[in-house]
Amino acid sequence: MSTKISPEIVIEGLRKSYSRGAETVDVFEGLDLKFAAGDFVALMGPSGSGKSTLLNVVGGLDRADSGRVRVGDTDVTSLRGDALSAWRSRHVGFIFQAFNLIPVLTAKENVELPLLLQPLNAKQRSEQADYALEIVGLADRAKHRPSALSGGQEQRVAIARAIATDPDVILADEPTGDLDRQSADAVLELLARLSKDLGKTVLMVTHDPAAAAFARQTLYLEKGIFVERSAT
Amino acid sequence: MSLFRLIRRNVMRHPVRSLLTLGAALVAMFLLVFLRSVLTTLDDSVKSVATNRIVTQSAVSLFVNLPASYQPKIEGIEGVESVCRFQWFGGVYKEPQNFFAQFAVDPETMLAQYDECQIPADQAAAFKADRRGCIIGETLAERFGWKIGDRVPILGTIFTKEGAWEFDVRGIYRSERANFDAGTMYFHFDYLDEMLESEKAEGPRGVGVFIVKLSDEADPVAVSDAIDALFAGGPQRTRTQTEAAFQAGFITMLGNVPSFLGWIGGAVFFALALTLINAMLISSSERIRDTGVMKALGFSNRTCGLVYLGESLLLSLTGGLLGLGLGYLTVQPMRQTLGSTPGIALPFYDVRTDTAVMAVAAALLIGLLAGIAPALRAARLDPAEALRAEV
């Protein structure tokens, strides 16, 4: 895992709307934001404020209607199809509330999955997956399937999967939403360490102020508008 | 870890469902292989007949005898080398389920006409010399454990007499071609005739069919026409055809079995395709979120689709190859069973290479058909939507 300088994330004039039946719901109507390289930012706000949508647009899972999202030198909004997938595989690691591990694969195989997209041989993939599991403290659970792990362990495997490819940006959508306090704190400490020690830019959506306290700063969104930024 | 391992693990995600689907593919593919092999064996038996033999039967039906007096008249036609009398005996060995074919023939002529009937010279001579002697095919000998010198009692059903007919096994022949059944018994026509003549036995007189061997330069169509023209005025009109046409006619007498088997094969193919399509659609519906995760990790739309296509192909090919394997494994038992089945004797039943290729191609096609819809669905899936899916 390298300590390379992560890129800054710049959002300019982001517009995004959804169709809900006949109705069109505007999520962002010209959002401007900037995240410093290597920052650990908590995104808070009520449901429907656009937190998860912002993560998805930054990670290229969702498309902006207009505006620009730049990650380092890359204009993510201009990428399409395979180019966007390839960029995501190299630069972004996702962590989800529901862990979203592939249930038929072991912990190590889950971590190795994104490494299939990297120019690595089988031995290198295996070593890198072992290292990622070591970072999250689960080397001894490598051969366990997700069903044999606790919620906290599953999320740590998901973090290992997210960092296995050594991405610049980690996007975590409610990573502690399904965890007890103790497990949640372990996961949050890990994310803080990834930002502090490895220089990853971490954007984390959360409803939990205790979780946000682990971030270097917290950003509040309401109805798609950035309303407040506070250092923690 | 490889993409193939993911495909393999996904296939076994629901082991019971996958095993049932595999079982369906196995049985269906075995049926396809079996049905096609029956067809190809029937076809081979028609194609392997000699081109220098023609068959003269009653124009009314195969079950109506011709007068024995026709033999010398047919022998007198130009291009005819020899004429052999054949009479279906229809007897039973002990029990009806022990059925096998028996024919009364002219031994000398029959053995000369059928070079595919391989029998040692001493056994052939012993058969010719013994009026109550018979020869049996090696399949028949194996079936009942008969050997040379055994006396075989046969209960007549068409030709009846007090007690059983008794034949002494004088030879065991081997068949060299698919058209000649090794599960049959041949005995002296003269013995049958003598018993009927002396009224020691009862049954229809005459000859079932005449097998006519042609000289090298003879035209089968011209000789056939000449024979039929000779008896056009009666007392029994004849119908003469090549042995191939005669064999093919036998097959169609089974109720157009080839076409029927073909339809069953087609139905089996579509039933399997529908089963696999159903299984794959259920599987893909359950894994929308997994597909979203793969896309979030950076897998392309094409790769996500290929995973589903791979699973479908893996299921259908595994089932198909297992079914094909079962087809090969059952060749011997099928030969024994079909070789002694009345009316559809297929002692040369075999799974041809082109059948195996067809089975693999069918499995591939079914795999592609079943995988294409889930693959397209996965490829088109919006990753953000997929990650929000409740399944």
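This is a predicted model: local features need pLDDT of at least 70, side-chain atom pairs count only at pLDDT 80 or more; totals for chains, interfaces and linings use all residues.
Within it, W88(B) stands opposite F103(B) of β3(B).

What are the overall dimensions of chain B? Its C-alpha atoms fill a box of roughly 95 × 45 × 35 Å along the principal axes. A compact globule of 391 residues would have a radius of gyration near 21 Å, but the value for chain B is 29 Å. Of the 391 residues of this chain, 42% count as buried. Among contacts in chain B between residues at least 6 apart in sequence, 82% join residues at least 24 apart.

The helices of chain B also pack against one another. In general, a pair of packed helices is described by the angle between their axes and by the distance between those axes. Helix α1 of chain B, residues 3–11, packs with helix α12 of chain B, residues 301–329, at an angle of about 60°, and the axes are 9 Å apart. The crossing of α1(B) and α12(B) is right-handed. Which residues bring the two helices together? From α1(B) come L3(B), L6(B), I7(B), R8(B), N10(B) and V11(B), and these meet V307(B), G310(B), E311(B), L314(B) and L315(B) of α12(B). Sorted by class, this contact has 7 nonpolar, 2 polar and 2 charged residues.

A356(B) is found in helix α14 of chain B, which spans residues 353–380. Is A356(B) buried or partly exposed? A residue needs 20 or more other C-beta atoms within 10 Å to count as buried. A356(B) has 18 C-beta neighbours inside 10 Å, and it therefore counts as partly exposed. When its neighbours within four places in sequence are left aside, A356(B) is in contact with L324(B) and V351(B). A356(B) and R13(B), by comparison, are 343 residues apart in sequence, and their C-alpha atoms are 30 Å apart in space.

Attention now turns to chain A, which has 7 helices and 10 strands. Why can its overall dimensions be said to agree with those of a compact globule? For 232 residues, such a globule would have a radius of gyration near 17 Å, and chain A has 17 Å, which agrees. The C-alpha atoms of chain A fill a box of roughly 45 × 40 × 40 Å along the principal axes. Of its 232 residues, 50% count as buried. Among contacts in chain A between residues at least 6 apart in sequence, 69% join residues at least 24 apart.

Chain A contains an open sheet of 4 strands in the order β2-β1-β4-β5, with antiparallel pairing. At its edges are β2 (23–35) and β5 (74–75) of chain A, each of which pairs on one side only. Strand β1 of chain A, residues 9–20, is joined by 5 bridges to β4 of chain A, residues 66–71. In this antiparallel pair, I11(A) stands opposite V69(A) of β4(A). Helix α1 of chain A, residues 51–58, lies across β1, β2 and β4 of that chain and runs at about 120° to β1(A).

It remains to consider how the two chains meet. How many residues of each chain take part? There are 21 residues of chain A in contact with 17 residues of chain B. On the side of chain A that touches chain B, α2 (81–91) and α3 (107–112) of chain A each supply at least two residues. The largest share, 5 residues, comes from α2(A). This side of chain A divides into 11 nonpolar, 4 polar and 6 charged residues.

Conventions:
Residues are numbered from 1 along each chain as its sequence is written. Chains are lettered from A and ligands numbered from 1 in the order in which they are written. Two residues are in contact if their C-beta atoms, placed from the backbone, lie within 7 Å. Ala, Val, Leu, Ile, Met, Phe, Trp, Tyr, Cys and Pro count as nonpolar, Asp, Glu, Lys and Arg as charged, and the others, Gly among them, as polar. Axes are lines fitted to C-alpha atoms, for helices over the stretch in contact, and angles run from 0 to 180 degrees between N-to-C directions. A crossing is left-handed if the near helix is turned anticlockwise from the far one by less than a right angle, and right-handed if clockwise. The radius of gyration is taken over C-alpha atoms; the globule rule is 2.2 Å times the number of residues to the power 0.38. A residue is buried if 20 or more other C-beta atoms lie within 10 Å of its own, exposed if 12 or fewer, and partly exposed in between; C-beta atoms are placed from the backbone. Two strands pair if DSSP finds at least two bridges between them.
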